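Good morning, and thank you for making time for this presentation.

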Amino acid sequence: EVVLALALAERPDAVLMDVRIAEADGLDLLREMRGHPELHALPVIMCSGMNVEQESRLAGANAFILKPYPPEQLTSTLKKVIL
């Protein structure tokens, strides 16, 4: 709920979210975002140390990055989902 509230309040250009979050599941949060009328189109990049790209895409991710990743990969992925 905190993530959704922040996204609604801050209106970011994109979100970078780990699949594993301390008190929540990133994929569940992504599904909630996709179901919200004001957040359904927000670009979301999921990341994880495990290759869960397919699960991330099925949940609604615009992109997936496998950790560890070089800064250039994050930059190029952000450009792809925002532009």
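By a nonpolar core I mean a set of buried Ala, Val, Leu, Ile, Met, Phe, Trp, Tyr and Cys residues joined through side-chain atoms within 4.5 Å. Please bear in mind that this is a predicted model.

In the largest such core there are 17 residues, and M17, L30, M33, V44 and M46 have the most contacts inside it. At least two residues of this core come from each of α1, β1, α2 and β4. The greatest contribution is that of α2, residues 26-35, with 4 residues. Consider M17 in particular: with neighbours within four places in sequence set aside, its contacts include L29, L30 and M33, as well as V44, I45, M46 and C47. A separate core, of 6 residues, has A14, A63, I65 and V81 among its members. As a general remark, nonpolar side chains in soluble globular proteins tend to be buried together.

I turn now to the strands. β4, residues 44-48, pairs with β5 in the parallel sense, over 4 bridges. One of the residue pairs is I45 with its bridge partner A63 in β5. Together with helix α3, residues 53-59, these two strands form a right-handed β-α-β unit.

Finally, two details of the backbone. The peptide bond between K67 and P68 is cis, with omega about -5 degrees; P68 belongs to the loop between β5 and α4. In the loop between α1 and β1 we find R11, a residue other than glycine whose phi is positive, near 50 degrees. R11 counts as partly exposed because its relative accessibility is 44%.

Notes
Residues are numbered from 1 along each chain as its sequence is written. This is a predicted model: local features need pLDDT of at least 70, side-chain atom pairs count only at pLDDT 80 or more; totals for chains, interfaces and linings use all residues. Side-chain values use heavy atoms; hydrogens and water are left out. Buried means under 20% relative accessible area, exposed over 50%, partly exposed in between (1.4 Å probe, protein chains only). Two strands pair if DSSP finds at least two bridges between them. A crossover is right-handed if, with the strands pointing away from the viewer, the path from the first strand over the helix to the second runs clockwise. Contact means heavy atoms within 4.5 Å.
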